[in-house]
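Please read the briefing below alongside the sequence and the coordinates.

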Amino acid sequence: MMKNFYFAVIAMAALTLACSTEDPEGNGTGNGNGNGTGTGNGNETYVENADGTFTYHGATYKTVTLSNGSVWMAEPLRHVPEGFTPSADPEDDNAHIWYPYENADGTAAAVTDEGTIAEKGYLYDMYAALGGKEVTADNAGTFEGAQGICPPGWHIPTRAEFFALCGLSNKNQDESGNQVNQDALFYDSTYGGGKLTLYNEAGWNYVMSGVRMKSNFGATGRYQATWLSESNSSLTENYGEPALTYMMSSTPYQVSTDDETGEITNIQFFAQMTTFSKTYPEGRVNIAYVSTMSGQQLRCVKDAQ
């Protein structure tokens with residue numbers, strides 16, 4: 001038995017004037033215009049800098065303005081909200097935030113040094129990304145465009161916003177098949193979807209941080225140990241890094257329940273993911289499904305003005 005949710009919103013971002021503003025910690029839902037409810041203490045500031053960067057909770061982030069006018073973080077979020085502590089154990093469901101990882105003789109091992117965190121950020125599940133708000137069967141459809149732990153005036157990307165970039169998405173429940181947009185910014189016809197190197201040419205700075213995968217609520221969490229190498233990629237500078245990277249969206253896909261007990265077994269959202277192979281040596285990018293309990297990279301996008 002399935003209970004499905006889908007709410008489509010397209011929010012294209014634009015540049016705003018430099019400002020300093022209170023940080024609401026974003027613990028709630030929003031509409032992509034920074035209108036989420038929050039429970040933070042309001043003592044932290046968010047500052048837009050004259051050079052196009054912004055400073056949030058003491059960390060400075062680069063941004064990129066794309067040709068469609070949308071403004072994105074050009075690096076992963078690395079903010080740890082109050083009450084959370086990142087874990088080096090991907091089996092720890094209660095952490096909600098995990099360190100990125102590296103290839104240690106074929107085994108995925110967490111990396112906790114400041115340099116790696118600055119480059120790759122953390123891996124968040126939906127609970128952490130929403131600032132400690134649980135996703136349920138009843139509210140799963142209300143988080144599209146939520147600010148979550150993104151800075152004021154920014155939000156967790158929607159499926160539509162990722163689709164405008166890569167042009168290939170797994171179908172939603174009310175769609176007959178996979179969705180294709182050949183006019184998407186980084187769509188490549190030979191790849192049949194987004195091409196990672198096109199993202200980088202536009203200044204996106206695609207960071208391969210991997211994914212803390214949890215296929216359903218009953219599964220054991222694990223780091224996805226698939227690595228970039230000469231067998232699947234031509235990006236020599238990235239060899240040894242995780243090949244399968246997920247970026248979180250705020251658009252729900254479906255709630256799954258057990259046919260006999262009615263117990264919820266999984267809640268899935270859409271996410272942007274990478275695929276490397278002999279066919280896609282420069283990395284294909286598309287939108288797939290992922291459990292809310294999986295740990296993913298978070299790139300915030302600026303609200304439309």
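Predicted model: local features only at pLDDT ≥ 70, side-chain atom pairs only at ≥ 80, totals over all residues.

Residues are numbered from 1 along each chain as its sequence is written, and side-chain values use heavy atoms, with hydrogens and water left out.

- The mean pLDDT of the protein is 88, and 86% of its residues reach 70 or more.
- Over residues 1-20 the pLDDT is below 50, and the model gives this stretch 72 contacts beyond near neighbours in sequence.

**Overall make-up**

- The protein has 4 helices and 22 strands, where helices (H or I, at least four residues) and strands (E, at least two) are DSSP runs numbered from the N terminus.
- Of the 305 residues in the protein, 54% are buried, buried being under 20% relative accessible area, exposed over 50% and partly exposed in between (1.4 Å probe, protein chains only).
- Among contacts with a separation of 6 or more, 64% are between residues 24 or more positions apart.
- The protein exposes about 12500 Å², of which carbon and sulfur atoms supply 45%; accessible areas come from the Shrake-Rupley method with a 1.4 Å probe, and for residues only the protein chains shown count as cover.

**Largest pocket**

- The largest pocket has a volume of about 220 Å³, a volume being the space filled by probe spheres set on grid points that are joined across faces, edges and corners.
- On a 1 Å grid over the protein atoms alone, a pocket is an open set of points where a 1.4 Å probe fits, with protein on both sides within 12 Å along at least five of seven lines, and lining residues have an atom within 4 Å of a point.
- The lining consists of 14 residues, of which Glu134, Val135, Phe217, Thr292 and Met293 lie nearest the centre of the pocket.
- The elements that give two or more residues to this lining are α2 (126-129) and β20 (264-275).

**Serine 291**

- Serine 291 lies in strand β21 (residues 284-291) and is buried, with a relative accessible area of 3%.
- The side chains of serine 291 and asparagine 266 are joined by a polar contact of 2.8 Å, that is, a pair of N or O atoms within 3.5 Å, where within protein one must be able to donate a hydrogen and the other to accept it, and residues adjacent in sequence count only if both atoms are side-chain atoms.
- Leaving aside neighbours within four places in sequence, the contacts of serine 291 include Phe217, a residue that is also among those nearest the centre of the largest pocket.

**Helix α3 and histidine 155**

- Helix α3 (residues 159-166) is mostly covered, with 8 of its 8 residues buried, and it is followed by glycine 167, whose phi is positive, near 75°.
- Histidine 155, in strand β12 (residues 154-155), is buried, with a relative accessible area of 1%.
- The side chain of histidine 155 makes a polar contact of 3.1 Å with the side chain of glutamate 161, one of the buried residues in α3.

**Serine 249**

- Serine 249 is placed in strand β19 (residues 246-257) and is buried, with a relative accessible area of 1%.
- The side chain of serine 249 reaches the backbone oxygen of phenylalanine 270 at 2.7 Å, and a polar atom of this side chain lies 3.1 Å from the backbone nitrogen of threonine 251.
- Not counting residues up to four places away in sequence, serine 249 touches residues including Arg159 and Phe162, both of which are buried in α3.

How values were computed: Contact = heavy atoms within 4.5 Å. pLDDT = per-residue confidence, 0-100.
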